[in-house]
Each structure stands twice: as C-alpha cells, then as structure tokens.
Amino acid sequence: MTAAPTPPDDPRYRPVPLDFVRLPEDEMRRRADDLLADMRRRRSVRRFSTEPVPRDLVATALEVAGTAPSGAHKQPWRFVVVTDAELKARIRAAAEEEERDFYRARAPQHWLDALAPLGTDEVKTHLTDAPYVIVMFKVRHGVQPDGAIEKHYYATESCGIAAGFLIAALHRVGLATLPHTPSPMAFLSEVLGRPAEEQPFLVLPVGYPAPDAEVPDLGRKPLDDIVVWH
Ligand SMILES: Cc1cc2nc3c(=O)[nH]c(=O)nc-3n(C[C@H](O)[C@H](O)[C@H](O)COP(=O)(O)O)c2cc1C
C-alpha cells in the first residue's frame, strides 16, 4: 500500500507566487500609528441616522470580510443584508420581545451589572433606523450539489475573525456599527428563511450615527494588561 500523497506532491496543491508588498520601516510605523489612531475612534453606536448609505461601500466592506482566514479555507459564513423596512421592523419586534424577557426575567444579576455601564435596554431602535442590518450566519457545514455534507472546521473562530474584519472595514470606510447579539437569536433563521445549517452569529446594524449619538465613557485595557512578551 502506498502512502497518501502529501504536499507539494498532491496535485490539489497549486501554489502561486505570494503578492507581498515590503515597505520601508518608517512607512510601516506611520501606517501602524495611523491605524491605531483610527481604530481608537471605533465605537459601538446604538443610535443611528436613517440617512441612506451607498450600497457599494457596504458591499466592499463585505468583500473585505470575505478575505478573512478560515479553517481549511471553508469560508463558513453567510451575510444576509437587510434593507427592507418591513423586514427590519419584524427583526426589531422579535429581538425586542427576546430582549424584554432577557432584561426583565432571564438575565442573572451579574450580567445586568456588567451591562449597566453601557446603558443598554430592550429598546432596539438601531434595528429599524440603520439603513442596513447585516445578519451574519455561521455555516455549520457545506452542502454539495448532490446533497453530500462538506465538513467545516473552526467555523466559530473563523466567523469571529470575519466579523472583526467587517467591523474594522466598515469603520475604516467611515460607517458606524453595533455588534448585536439578541439572546436567543434563533428567530432570525425563520424571519430570514435560512437553511438549518446556517446558525445566526451576529447582527450588525450599519449606517451613520445619529447626529446627537452618545456612547458610554469606556477605557481600554493598557497594552501591558493584554500582552505577555517572552
Ligand atoms: C460578541 C459581542 C456581542 C455584543 N452584543 C451586544 C448586544 O447584544 N447589544 C449591545 O448593545 N452591544 C453589544 N455588543 C457591543 C459591546 O457592548 C461593546 O463592544 C463594548 O461595550 C465595547 O464598546 P465599544 O464597541 O464602543 O468599544 C457586543 C459586542 C460583541 C463583541
């Protein structure tokens, strides 16, 4: 019995030259500083303007999300972009019903205490005010044209990374977002008619902030608290 071929002998491995741009160090430093300054301005926005946003900007940010790395390159994500007012209203009504129950009955006191500095409650105006509500689904497994199941690997981690790319991209483009995780989120599959293998992962309203939008005064952990150098 011969051993299974391993890369680079396996014909399914088809390498191409890496497209890598080597930058001078001062340029690298300038980019790093600019990125940090800009990312420090990213905030979760809970009050949106209804002002329309060009669709191509959102589409480009979604393409950026689609460049994220993923386990075995299975790209286990689906982004459902909701702009229809009636659909957004249905999502808001269902989310507020879940959240009312969460805030009034289900949430343990420690969770309510953790949320208190954020000023959140069960009213979710962002779901109808924001011109786009992106609902991201984790695709638990693929389905081949013949119905065969294709395994996905590290789908949760992959979706988290893609969501990070998306949030950062939308911010860099000049748009505001709110990562929103109504609990539980199963109603989204039904409202949006998604198949069973797609599991709601994140709701992301996208738009301009309301002109008088405020955010909680939050600090970030300093570098020394989040990094260990060896
Ligand atoms: C996975 C995840 C789930 C979140 N869920 C909610 C949510 O359901 N509702 C909400 O108002 N904010 C939610 N947030 C936003 C956080 O509260 C927010 O990121 C945090 O308070 C820090 O604020 P900043 O994003 O402005 O830096 C969520 C954030 C993450 C990463």
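Helices (H or I, at least four residues) and strands (E, at least two) are DSSP runs, numbered from the N terminus. By that count the chain has eight helices and six strands. This is a predicted model: local features need pLDDT of at least 70, side-chain atom pairs count only at pLDDT 80 or more, and totals for chains, interfaces and linings use all residues. Residues are numbered from 1 along each chain as its sequence is written.

**Overall layout**
- Along the sequence, the elements follow the pattern α-α-β-α-α-α-β-β-β-α-β-α-β-α.
- The C-alpha trace spans about 65 × 55 × 40 Å along its principal axes.
- The chain has 230 residues, and 24% of them count as buried (20 or more other C-beta atoms within 10 Å of the residue's own, with C-beta atoms placed from the backbone).
- Of the contacts between residues at least 6 apart in sequence, 82% join residues at least 24 apart. A contact means that the two C-beta atoms, placed from the backbone, lie within 7 Å.

**The sheet**
- Four strands form an open sheet in the order β1-β2-β6-β5, with antiparallel pairing (at least two DSSP bridges between two strands).
- β1 (77-82) and β5 (176-177) are the edge strands, each with a single partner, so one side of each has no neighbour in the sheet.
- Six bridges join β1 to β2 (residues 132-139) in the antiparallel sense.
- Val82 sits opposite Val133 in β2.

**Helix α6**
- α6 covers residues 155-173 and lies across β1, β2, β5 and β6 (198-207).
- α6 runs at about 160° to β2; axes are lines fitted to C-alpha atoms, for helices over the stretch in contact, and angles run from 0 to 180 degrees between N-to-C directions.
- The 19 residues of α6 reach 27 Å from first C-alpha to last, close to the 27 Å expected at 1.5 Å a residue (1.5 Å times one less than the number of residues).
- Buried residues in α6 include Ala155, Cys159, Ala162, Leu166 and Leu170.
- Their cover includes α2 (55-65), β1, β2, β5 and β6.
- Gly174 follows α6 and has a positive phi, near 105°.

**Ligand shell**
- Around the ligand are Arg43, Ser44, Arg46, Leu118, Thr120, Leu178, Pro179, His180, Thr181, Val215 and Leu218 (C-beta atom, placed from the backbone, within 6 Å of the molecule).
- The shell divides into five nonpolar, four polar and two charged residues. Ala, Val, Leu, Ile, Met, Phe, Trp, Tyr, Cys and Pro count as nonpolar, Asp, Glu, Lys and Arg as charged, and the others, Gly among them, as polar.

Definitions and conventions
Buried ≥ 20, exposed ≤ 12 C-beta atoms within 10 Å, placed from the backbone.
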